[in-house]
Amino acid sequence: MSTEAMIDHSVDATPTAARRLPLWAWPVGIFAAIAVLSLVRLITGRNDIASSGTLSAALALAMPIAFAGLGGLWSERSGVINIGLEGMMVLGTWGGAYGALIGGPWAGILMAAFCGAVGGLIHALATVTFGVDHIVSGVAINIVAVGAASFLAARFFGDLDGGSDVQSPPVAQPPKVGIPGIADPLSTIEQKGWFFLSELAALLKALTTGLSALTVIGLALFVLTFYVLWRTPFGLRIRSCGESPTAAESLGVNVYLHKYLAVTISGALAGLGGGFLSMVATNIYRESQVDGRGYIGLAAMIFGNWRPGGLLMGSGLFGFMDALQLRGGGAALHALLLLIALLLLALGLWQIIRRGRTIQGAVAIAVAIAVALIWVVTDSVPGDITPFAPHLTTLLVLAFASQRLRPPKSIGQVYRKGEGH
Amino acid sequence: MRHSLLKVAALSSAATLTLAACGGSDSDTDATSGGGEGGEGTDVKACLAYDVGGRGDQSFNDSAAKGLDRAKDELKIEAEEVEASQGENDAAREDRLNQLVDAGCTNVIGVGFIYATAMGNAAKANPDVQFAIIDDASEASAGDNVAQLTFAEHEGSFLVGAAAAMKSKSNKVGFIGGMDVPLINKFEAGFEAGAKEVNPDIEVQTKYLAEDGSGFADPAKGQTAAEGMFDKGADVVYHAAGGSGAGVFKAAKAAKKMAIGVDSDQAKTAEADVQDVILTSMVKNVDVAVFDNIKATVDGEKQSGNIVFDLKAGGVDYATTGGKVDDIKDKLEEYKQKIIDGDITVPEK
C-alpha cells in the first residue's frame with residue numbers, strides 16, 4: 001500500500017513541478033494586473049477602483065484571511081485537515097483583546113497567538129493522538145471555541161468600564177509603520193490619473209505607508225513559512241508527514257511530533273488572524289466578529305494549491321473584492337464586470353490560439369460578450385448581491401481553478417505508528 | 001479529498017445549526033437577573049430579550065436597557081435580561097422567550113425585529129403573559145397580548161439629514177446601514193429626504209454592510225465603508241448599523257470629517273476619543289417605549305396592537321450633545337414643528 005502511494009506520488013508530482021511559474025512571472029503578472037485595472041479605470045471613469053485607499057483597505061481585509069490560510073497551510077502540509085481555523089481565530093480575537101488590555105499591543109499579539117495555539121494543540125491531540133476524524137474534531141473546535149470566547153468575554157470584559165458580555169473596551173493597537181516621506185510624492189502621482197503610473201503609485205503607497213506592525217509581521221511570516229517548509233530539513237519532514245507518513249517514519253522522522261508542531265503552529269497563526277481582527281481591523285473584541293473568515297482562509301489556501309504564493313493571491317482577491325464592495329458598493333463592482341469580460345476574452349483567445357481548445361475558448365468568449373453586454377445595459381450591481389460578491393468571486397475562482405489542484409497525498413488520513421509495514 | 005470537501009460542506013452547515021442552538025442556550029444560562037429585592041409594591045417581573053449585540057452596544061440595546069433600569073428604580077419591579085447570539089434561528093429565539101415565561105416573567109419584551117416570528121408563537125402559547133416587541137408591526141408578531149412598539153425613525157432621520165446637509169461643505173453626505181431591510185431603509189429614506197429638503201442637489205451615498213445581522217456587529221466593515229465615502233468627498237456620514245458604527249466614528253476621526261450617531265445619544269455613549277466627531281445623533285427613545293410598556297402593566301393596563309412613537313410623541317429626536325448643531329438648531333426646530341404639524345410628510349422608503 002505504501003509503495004503504491006509512493007509511485008502515485010512521484011508520477012503526480014512531476015507535472016506539478018513543471019507547471020510551477022518561474023520567479024519572473026510574479027512581477028510580470030502584477031504589472032499586467034495593474035495595467036488592466038488602469039485600463040478599466042480609464043474606460044469606466046471610476047477612480048476608486050484601484051486607489052491607494054481601496055488597496056490599503058484590501059490589504060487590511062485580506063490579512064485575517066491570509067493568516068488563517070497560512071495556518072491551514074502548516075496543518076494540511078503535515079496531513080491534518082484543519083477546519084477548526086475558524087474557532088482558533090475566535091480564540092485569537094479574545095486573546096488579542098485581552099492581552100492588549102492588560103499588557104499593551106505586543107502582549108495582545110502574543111496572547112492571540114497563544115490562544116490560537118491552544119486550539120491547535122487540542123486539534124492535534126484529537127486528530128494525531130486519538131485518531132479522531134479531522135473534520136469532526138475541527139467542527140467541534142469551532143463550536144467549543146465560540147462558547148469559550150463568549151464565556152471568557154463575559155467573565156473578563158463584562159464588568160469593565162466600556163465593556164459588556166459581548167464586547168471589550170477599546171484596546172491599544174499595534175503601532176503603524178511605513179517609509180517616511182514617500183506618501184506625498186506618491187499621492188501626487190496618484191492624483192494625476194496617468195495610465196499605469198498612477199495605479200503603480202497607489203499600490204506602492206498602500207504597501208509602504210500606514211501599515212500596521214502586525215501586517216508587516218504577517219507578510220514576513222509568509223516568507224518565513226515558504227523558507228521553512230520548502231528550504232529546510234524540518235520543513236521537508238513536515239511535508240513528508242503530509243505526503244506519506246509511513247515513508248517518513250521509515251526514514252526515522254518522528255511523525256507524531258512533527259504533526260503536533262505543525263498543527264500547533266497552525267493554530268497560533270489562525271490566532272494571530274483573530275488578533276488582527278480585534279486589534280488592527282478595529283480596536284475592540286466583539287462577539288462573532290470573525291464571521292466565517294476562517295473558512296474563507298481555508299478556501300483561499302485550497303485555491304492557492306496548498307502553496308503560500310497562491311494562498312496570498314486568493315486572500316488578496318477576497319480582500320480586494322471586499323474593499324471594493326464596502327467602499328464603492330454596486331457601482332464599483334459594476335466597473336469590475338468590464339474587467340471580468342476582458343479577462344474571459346483573453347482566456348478564450350488563449351485557449352483557442354495556444355491550446356487549440358476551440359469549444360472552451362468559444363464558451364469563454366461568449367460569456368465575455370454576455371458580461372460586457374450586462375455592463376453596457378446596467379448601471380450598477382444590485383445591492384442584494386454586493387455584500388456577497390467577494391464570497392461569490394472567490395468561490396467561482398476556486399471552482400475554476402480546482403481542476404489543477406493537488407492536495408498533500410495523505411491528508412485527512414489517520415496515521416498510526418508502525419502500521420504501514 | 002473530494003470526499004473530505006463534501007464532508008466539510010455538510011458538517012459546516014450542520015455546525016452552523018448546532019452553533020445557533022448552542023448560542024441560544026448559552027445566552028440563557030448567562031442571564032443576569034437584577035433588581036432581586038423588587039416585588040414589594042408589585043409582582044411584575046419584566047424580562048428583556050436583547051437583539052444581537054446585547055447590553056453594552058452603546059446604541060440600540062443600551063437604550064432598551066436604560067428603560068428597564070429606570071423601571072427597576074422607579075417601579076420597583078423584578079427584571080431579567082438575556083442576550084441573543086449571532087446566526088441563531090427562530091426556534092432558538094422562541095425557546096428563549098418561553099424560558100423567560102417559565103422563569104416567571106409577566107412582561108416579556110423582545111428588543112428588535114428579529115424576534116417577530118418567535119414572539120408571535122410564544123404569545124399564542126402563553127396568553128396570560130404581556131408581550132411587547134420593539135421595531136416590528138408585522139402580522140408575524142401580532143396578537144391580543146402583544147404590544148408592537150415601533151418608532152418613526154424616518155422622521156428623526158429627516159432632521160439629522162437636514163443637519164448633515166446644512167453642515168456639509170462638499171455637498172456630499174453618506175448613509176451606512178447595517179442590513180438591507182425595510183426597518184433600516186426607513187432611516188435611509190428619512191435621511192435622504194431631510195438632506196434634499198435643505199439642498200436638492202446634494203449627493204447621498206448609500207451602503208448596506210451585510211445581508212444578515214452580522215452587519216450590526218462588524219466595526220471593521222463600518223470603518224472601511226465610511227473610509228470609502230470620505231475618500232469620495234463625503235464629509236458627513238450617518239450610520240444605522242448598531243455596533244459597526246464604532247468603525248464609522250473611527251474613520252471620521254482619521255479623516256477629520258463628521259459622523260452622525262443613531263439610537264442613543266452617541267456623543268455620550270461612544271468611545272471617549274471619537275465623541276468629538278459626532279455632529280448629532282438620531283435618538284430613538286427605546287427606553288421610553290420599554291418603560292411605558294412596563295408601567296402600563298404595573299398600572300393594571302394592557303397594551304396591545306401597534307403603538308407608534310413618533311416625533312410628536314417624543315419617540316425620536318435629534319441630540320444636541322457637544323453643541324455642534326447649536327447654530328442650526330432654530331432651523332431644525334422649524335422642520336421638527338413642520339413634521340409634527342403634518343406640513344412635511346417624510347417618506348418611509
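**Figure 1. Contact between domain 1 and domain 2 of chain B.** In this predicted model, 13 residues of domain 1 of chain B are in contact with 16 residues of domain 2 of chain B, two residues being in contact if their C-beta atoms, placed from the backbone, lie within 7 Å. Helix 2 (residues 60-75) of chain B supplies the largest share of the domain 1 side, three residues; helices (H or I, at least four residues) and strands (E, at least two) are DSSP runs, numbered from the N terminus. By class, this side of domain 1 of chain B has five nonpolar, five polar and three charged residues. Here Ala, Val, Leu, Ile, Met, Phe, Trp, Tyr, Cys and Pro count as nonpolar, Asp, Glu, Lys and Arg as charged, and the others, Gly among them, as polar. Domain 1 of chain B spans 21-151 + 287-309, and domain 2 spans 153-284 + 319-341; such bounds come from an automatic or database domain assignment. Between the C-alpha centres of the two domains of chain B lie 28 Å.

Residues are numbered from 1 along each chain as its sequence is written, while chains are lettered from A and ligands numbered from 1 in the order in which they are written. Because the model is predicted, local features need pLDDT of at least 70 and side-chain atom pairs count only at pLDDT 80 or more, whereas totals for chains, interfaces and linings use all residues.

Figure 2. Five of the five residues of strand 4 (residues 107-111) of chain B are buried, that is, 20 or more other C-beta atoms, placed from the backbone, lie within 10 Å of the residue's own. Asn107(B), Ile109(B) and Val111(B) are buried on one side of the strand, and Val108(B) and Gly110(B) on the other. Strand 2 (residues 45-49) of chain B pairs with strand 4 of chain B in the parallel sense over four bridges; two strands pair if DSSP finds at least two bridges between them. Ala46(B) has Asn107(B) as its bridge partner. Strand 5 (residues 130-134) of chain B is also paired with strand 4 in the parallel sense, over five bridges, and Phe131(B) of strand 5 stands opposite Val108(B). With helix 4 (residues 116-125) of chain B, strands 4 and 5 make a right-handed β-α-β unit: with the strands pointing away from the viewer, the path from the first strand over the helix to the second runs clockwise.

**Figure 3. The open sheet of chain B in the order 8-7-9-10-11-13.** Six strands form this sheet, with mixed pairing. Strand 8 (203-210) and strand 13 (316-318) of chain B are the edge strands, each pairing on one side only. Strand 10 (residues 258-263) and strand 11 (residues 278-284) of chain B pair in the parallel sense over five bridges, and Ala259(B) has Ile278(B) of strand 11 as its bridge partner.

**Figure 4. Contact between chain A and chain B.** Each chain is represented in the contact: 42 residues come from chain A and 42 residues from chain B. Helix 3 (52-77), helix 5 (134-157), helix 11 (255-281) and helix 13 (308-355) of chain A are the elements that give two or more residues to the chain A side. Helix 5 of chain A gives the largest share, eight residues. The chain A side has 21 nonpolar, 15 polar and six charged residues.

**Figure 5. Helix 12 of chain A.** Eleven of the eleven residues of helix 12 (residues 293-303) of chain A are buried, including Arg293(A), Tyr295(A) and Phe303(A). Just after this helix, Asn305(A) takes a positive phi of about 55°.

Notes:
A residue is buried if 20 or more other C-beta atoms lie within 10 Å of its own, exposed if 12 or fewer, and partly exposed in between; C-beta atoms are placed from the backbone.
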